[in-house]
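User: Hello! I am new to this structure and would like a close look at one part of it, the surroundings of the ligand.

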Amino acid sequence: MDPASVIGLAGAVAGLADIIARTVMTLSDLRNAYNQSDFKLSALICQLSTLKAALSHIAEMVNTSYGNASSPSTQFCEDLRVSMYGCEAMVSALDTRLAKFHQNETNGLTILGKIEVVLDESTIDEYLSMLNNQTNALQLLLTTLQCQTSLAIDKKLQESSSRRIINQIRDDTSSLVSLYDTASLASTKSTGAQDIATTSPISFSFDSEIVTSRVYQTAMRYQLRVSGNDDGADESDIASSRLGINRRFSFSVHSEKAFDLEDSPSVKPDQGDTNTNPASKIASYPSSTRRETAKIVQSTTFLPRTERSNVSKKILLIGSSESGKSTLIKSLSCAFDPFDEQTRQTYIEEIIENCVETMRLLVIETDIDRVGGDSGLRNECRLLMEDNDDRRASLKMCEGLVGAISSIWQSSEMQMRFDHRRQHQEMYYLPTSSEYFLNSISRLADPNYLPTDSDILRSYCKTSGVCTFEFNSAGRTYNFYDVGGARSQRRKWIELFPKADVFMWTFDICCSGEVSQDHGGDSMEEQLELWEFVVNHHRIDFDANFVVIFTKLDKLTPEAISRLLSMEFFRGYEKDRTDVDMVLDHAAERLATVVRGTRINVSFGRASIATSPTMMAEEAMRTLEQLNPI
Ligand SMILES: Nc1nc2c(ncn2[C@@H]2O[C@H](COP(=O)(O)OP(=O)(O)OP(=O)(O)O)[C@@H](O)[C@H]2O)c(=O)[nH]1
Ligand SMILES: [Mg+2]
């Protein structure tokens, strides 16, 4: 990191702390002016003050550590930027709401009553939870600054527990920007780092009290234990953190074209965008899904636009995370207009990311010391774990990394452990296409590598925000809304319920016995709970149309069928277990039993990546078009 950037970053952090200080002052003034103590408001003030103190502390430490061996690393700066962006989004949203309060002063409500209108209880709770996550992230960053070298800082930040904390704030910001106060964000962001840095510092007398307080110190110590000191790390925390893949998305809210989804809030593209990556300029579905899209994006259709019919249907694509929603859209996209070279190129980074992160997860889960120690793979394991963004930015796997991944993957020790996992259903999370990509490692490493259709369909990037895809078929225009299925994303489903004509549910038929990345429990149990919750949700029309698409049929092996049928929910199947059609009919019947609304229309279909994208798309569309009456 060059000196100017580090100093600029420290200045921007300090500036952000000042902006937060102003919000705290506004809130405090409001509270004090009416001499009322609202608990939630006080909690908000307190949480913001803690955040501000953490930011000031970080600015100070970045300044003093610059030039030392532990001067901030690239990973540190990137994570700090993610955190700052999240803080800005929150403060900006709060500011906008408080500004509304000033404008409405004549409406006869008490000041506190007005605050409640502007910031209702559940919103305050959400802010409190997001602020808490931000504080955790900043404490993590502060903790890493205690490391001796910048390499050690990077290592700490790349641990899965650290990634989980940073990914959480990315998700929070993404949700915030997608659904709330998005317009205000652009205006706050227009304050450049330089401007922020030169604003007069606002500090509170209680800042130092917070930094030296027991709560703050305890939280710091906790972070030190979890992230800064492996020996003292809390086992349960590590165990749960292992369930989360350690992803690094290029967090970008600027790269795609924003639009208004009817009455949903839109996001203004940032004028200051300096992203020159051509891939990011393509307003196409595949490129937009591969980023943590912190806004609602519209894709241009890939399909040849025949004459637009005036019958237009909105299809809300939902289902648990990794159940195949985006894959279905990719298959539709590819079936009607094959991916061109430029589009294929944009997937390379994501595919490499999938491959590297899968291997990291495997090394952690299978115990790095034993794999590294017994089979002489210690160096390879170290190389893999130390790999950082810079090396992957070139979009090519460097030779050492490729060698490391294939040596570890092909080692008898790893193969034995992988088979053992499969046979004994060991409970740890691995992405769906792990084996596919690890077996293709040498092909992916080819300098001329261009992803195939199958590679594109197999790659995974958690969807965040709402991605749309439109096409015309059988005289109708279908607008698909693909919303992420991860827990943090599901709140957006409810916002979109009233807009949907059809709910298309991707149901992963063979995830029983697998670990949910979000939940930590059995993926099928989570999926069933979710299905029952949504299909009976009070915001779903009493005569709503549901299309359930059973996905991942290619993984429905005899073992997967017996795992499925041994579940309480699917018990009672007496017919031929080798007959997939009958098994699916049974699953459909069982799913239909939990639908309480008698006029809710549910139809069932299937899709599998193992067929061609065209067949996959046709199956899904056939089921949709059979739905009567849409
Ligand atoms: N083997 C197999 N894998 C599939 C199938 N459908 C999807 N997948 C894989 O499952 C993974 C997740 O698929 P996505 O479509 O991205 O999942 P999603 O439901 O959009 O997930 P979120 O965006 O997190 O909600 C990807 O690696 C896909 O390639 C299938 O039919 N068979
Ligand atoms: Mg998705």
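Which element gives the largest share of the shell around ligand 1?

Analyst: The largest share comes from α15, with 3 residues of the shell around ligand 1. Before going on, a word on the model: it is predicted, local features need pLDDT of at least 70, side-chain atom pairs count only at pLDDT 80 or more, and totals for chains, interfaces and linings use all residues. Residues are numbered from 1 along each chain as its sequence is written, while chains are lettered from A and ligands numbered from 1 in the order in which they are written.

Now the shell itself. Around ligand 1 there are 26 residues, and those that come nearest are Gly 324, Ser 326, Thr 327, Thr 463 and Gly 485; a residue is near a molecule if its C-beta atom, placed from the backbone, lies within 6 Å of it. Two or more residues come from each of α15 (325–336) and α25 (453–458). Helices here are DSSP runs (H or I, at least four residues), and strands are runs of E of at least two, numbered from the N terminus. By kind, the shell divides into 5 nonpolar, 14 polar and 7 charged residues. Nonpolar means Ala, Val, Leu, Ile, Met, Phe, Trp, Tyr, Cys and Pro, charged means Asp, Glu, Lys and Arg, and the others, Gly among them, count as polar. Domain 2 (278–340 + 464–626) and domain 3 (348–450) each give at least three residues to the shell, with bounds from an automatic or database domain assignment.

The largest nonpolar core has 77 residues, among them Met 359 and Met 504, and at least three of its residues come from each of domain 2 and domain 3. Such a core is a set of buried Ala, Val, Leu, Ile, Met, Phe, Trp, Tyr and Cys residues joined through C-beta atoms within 7 Å, where buried means 20 or more other C-beta atoms within 10 Å, exposed 12 or fewer, and partly exposed in between. Beyond four places in sequence, Met 504 touches Ile 315, Leu 316, Leu 317, Val 547, Ile 549 and Leu 624, a contact being two C-beta atoms within 7 Å.

How far can you trust all this? The mean pLDDT of the protein chain is 71, and 66% of its residues reach 70 or more; pLDDT is the predictor's confidence in each residue, from 0 to 100. Confidence is highest in strand β5 (residues 502–508), at 96, and lowest in helix α13 (residues 278–281), at a mean of 24. The model scores ipTM 0.99 and pTM 0.59.
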